[in-house]
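Please consult the sequence and the structure shown below while reading.

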Amino acid sequence: MITRAIETLKNSTSLFVLTGAGISAASGIPTFRGKDGLWKKHRALDLATPQAFNNNPALVWEWYHWRQKIILRSKPNPAHVALVELETKVKEYLLLTQNVDNLHQRAGSRHVLELHGNIFRTQCIQCGIKASHADIETPFVGIPKCSCGGMLRPDVVWFGEPIPPSIWQTTVDFLNKADTVIICGTSGVVWPAAALPEMAKSKGSTLIEINIEATPISQMVDIFLGGKSSEILPKIAAGI
Ligand code: OAD
């Protein structure tokens, strides 16, 4: 199967990659679903909705500070690095990540779009200004404030909030021409990302999925590679 994936990618001129929490698992960052997933220990409704933030911003920030701390301790793993290499080997490339951990950018990927925002960016709920804190070394404490006095929120997409339209449009435009799609480390159950594999399939793209277990996407993919992305992606990148 991996040989087929390598052959497909050797002939690819336009590659779209969709990643999810599983690609960062080898960096020590917990995924959301599965046995030890974040949503097993916490309720998404208490922490990842605009209502949750309105009700208890301190609790929401506490959770985000805790996640920032884990991410700041972690490093890109061989899967992130392999994607950087893949990007240099195809003519056209777009990486769409559902992750907010900044690890693709830290690894050196250039064409990255963040569907769900970035845990190291904030947005003021009063004046709307956004700021990047990608260079911080220690997480924020308490509820951070804007210079206008307004409360800052993490610049991430919460449940019930829309995806940034420009990111979605760029994604759809790229998918219209992508000959190959890699779907890596996502459970494929959160919309609208969950709609992308079918969209790509209907345009004739070859779909390659990398996951430690089958997902709802697996039945429609052309090549399923079962295993850890930190082991499979480096083999693919080396083979092309
Ligand atoms: P999930 O936690 O739902 O799924 C992680 C997927 O990665 C699962 O299918 C695992 O089997 C797989 N996996 C785990 N370890 C892996 C490894 N080493 N190599 C390959 N695959 C592995 O994470 P997402 O699909 O990213 O949204 O979740 C989507 C969205 O749901 C997140 O962005 C987040 C969450 O709620 C928001 O917070 C808005």
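## Contact between two helices

In helix H6, Pro 78, Ala 79, Ala 82, Leu 83, Glu 85, Leu 86 and Lys 89 meet Ser 229, Ser 230, Leu 233, Pro 234, Ile 236, Ala 237 and Ala 238 of helix H10 (contact means heavy atoms within 4.5 Å; helices are DSSP runs of H or I with at least four residues, strands are runs of E with at least two, and both are numbered from the N terminus). By class, this contact of H6 with H10 has 10 nonpolar, two polar and two charged residues (Ala, Val, Leu, Ile, Met, Phe, Trp, Tyr, Cys and Pro count as nonpolar, Asp, Glu, Lys and Arg as charged, and the others, Gly among them, as polar).

The model is predicted: local features need pLDDT of at least 70 and side-chain atom pairs pLDDT 80 or more, while totals for chains, interfaces and linings use all residues. Residues are numbered from 1 along each chain as its sequence is written, and side-chain values use heavy atoms, without hydrogens and water.

## Helix geometry

H6 (residues 78-89) and H10 (residues 229-239) pack at about 25°, with their axes 8 Å apart (axes are lines fitted to C-alpha atoms, for helices over the stretch in contact, and angles run from 0 to 180 degrees between N-to-C directions). H6 is therefore roughly parallel to H10 (angles under 35 degrees count as roughly parallel).

## The sheet

Three strands form an open sheet in the order S5-S4-S6, with antiparallel pairing (two strands pair if DSSP finds at least two bridges between them). Its edge strands are S5 (130-132) and S6 (152-156), each pairing on one side only.

Strand S4 (residues 117-124) is joined to S6 by four bridges. Cys 124 stands opposite Leu 152 in S6. Helix H5 (residues 57-73) lies across S4 and S6, at about 140° to S4.

How values were computed: Angles under 35 degrees count as roughly parallel, over 145 as roughly antiparallel, 65 to 115 as roughly perpendicular and the rest as oblique.
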